[in-house]
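Please go through the model below, with its sequence alongside. A short report on its architecture follows.

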Amino acid sequence: GDSVTQMEGPVTLSEEAFLTINCTYTATGYPSLFWYVQYPGEGLQLLLKATKADDKGSNKGFEATYRKETTSFHLEKGSVQVSDSAVYFCALSDDDTGNQFYFGTGTSLTVIP
Amino acid sequence: DAGVTQSPTHLIKTRGQQVTLRCSPKSGHDTVSWYQQALGQGPQFIFQYYEEEERQRGNFPDRFSGHQFPNYSSELNVNALLLGDSALYLCASSSGRNEQYFGPGTRLTVT
């Protein structure tokens, strides 16, 4: 079945450090890939997405490239800020199964000044 | 645009009781999905409603049921509550095969 595996946390970085959160997926069809962010006490917010191989999603300095050959969608940011502290979820939506989303377990990021 | 709204924000119930959670989708969206997010875990898909019918269902028992109304709002019902049902319940709305927009969730505690 479809699934998402993401890097376990928690991750603690100093402000302005480089961030990578790894995400790999398994899907039978041609999925769309997403990164969602969840701030404390809030619901999930879409951070970025990519709908086909080699697409790059980007938003707020975050980037992720859809790599079909490695079945990966790693999240990166060149210089993190304290306000980036949150839990990040990788997710996929398989077009063959409609709009059902499969989420990873989440990676908690804390950025310290 | 109010976005996706859910009620109530928090709820405390006793084992064996029944609970109803409510969701209003983002304006223009016709599809509502429900997820259960246990503490420290990613959201798990419960089911999805479209055109007032359950279109897809995840691996959840029949104690979990739902409904969608003509105005696209939705309810999630859970019967015979168990301690393990304690979680954050998230509603997400969408239109077609586009990204899902999530509400803030309802925190359910079963004692």
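## Conventions

This is a predicted model: local features need pLDDT of at least 70, side-chain atom pairs count only at pLDDT 80 or more, and totals for chains, interfaces and linings use all residues. Residues are numbered from 1 along each chain as its sequence is written, chains are lettered from A and ligands numbered from 1 in the order in which they are written, and side-chain values use heavy atoms, with hydrogens and water left out.

## Chain A

Chain A has 0 helices and 12 strands. Helices (H or I, at least four residues) and strands (E, at least two) are DSSP runs, numbered from the N terminus. Along the sequence the pattern is β-β-β-β-β-β-β-β-β-β-β-β. The C-alpha atoms fill a box of roughly 45 × 30 × 20 Å along the principal axes.

Buried residues make up 46% of the 113 residues in chain A. Buried means under 20% relative accessible area, exposed over 50%, and partly exposed in between (1.4 Å probe, protein chains only). Among contacts in chain A with a separation of 6 or more, 57% come from residues 24 or more positions apart. Contact means heavy atoms within 4.5 Å. Chain A exposes about 5,200 Å², and carbon and sulfur atoms supply 48% of it. Accessible areas come from the Shrake-Rupley method with a 1.4 Å probe; for residues, only the protein chains shown count as cover.

Chain A carries 7 positive and 14 negative charges, with mean positions 6 Å apart. Lys and Arg count as positive and Asp and Glu as negative; His and the chain ends are not counted. The place of a charge is NZ of Lys, CZ of Arg, CG of Asp or CD of Glu.

## Chain B

Chain B has 0 helices and 11 strands. Its C-alpha atoms fill a box of roughly 40 × 25 × 25 Å along the principal axes. For 111 residues, a compact globule would have a radius of gyration near 13 Å; chain B has 13 Å, which agrees.

Of the 111 residues of chain B, 49% count as buried. Residues 24 or more positions apart give 51% of the contacts in chain B with a separation of 6 or more. Chain B exposes about 5,300 Å², with 47% supplied by carbon and sulfur atoms. The mean positions of its 9 positive and 10 negative charges are 10 Å apart.

## Nonpolar cores

In soluble globular proteins, nonpolar side chains tend to be buried together. A nonpolar core here is a set of buried Ala, Val, Leu, Ile, Met, Phe, Trp, Tyr and Cys residues joined through side-chain atoms within 4.5 Å. The largest core has 25 residues, of which A:Trp35, A:Leu48, A:Phe73, A:Leu75 and A:Tyr88 touch the most other members. Strands of chain A that each supply at least two residues of this core include β5 (31-38), β6 (44-50) and β12 (107-112). The largest share, 4 residues, comes from β10(A).

A second, separate core has 20 residues, including B:Trp34, B:Tyr49, B:Phe64 and B:Val78.

B:Leu76 is found in strand β8 (residues 74-78) of chain B. Beyond its neighbours within four places in sequence, the contacts of B:Leu76 include B:Val19, B:Leu21, B:Trp34, B:Phe64 and B:Tyr89. B:Asn59 is 17 residues from B:Leu76 in sequence and 15 Å away in space, C-alpha to C-alpha.

## Backbone exceptions

Most residues other than glycine have a negative phi, and most peptide bonds are trans. The peptide bond from A:Gly9 to A:Pro10 is cis, with omega near -5 degrees. A:Pro10 is in the loop between β1 (3-6) and β2 of chain A. In chain B, a cis peptide bond joins B:Ser7 and B:Pro8, with omega about -10 degrees. B:Pro8 is in the loop between β1 (5-7) and β2 (10-13) of chain B.

A:Thr71 has a positive phi, near 45 degrees. A:Thr71 is in the loop between β8 and β9 (75-77) of chain A, and is partly exposed at 31% relative accessibility. B:Tyr72 also has a positive phi, near 80 degrees. B:Tyr72 is in the loop between β7 (64-68) and β8 of chain B, and is partly exposed with a relative accessible area of 40%.

Note on methods:
Rg over C-alpha atoms; globule rule 2.2 N^0.38 Å.
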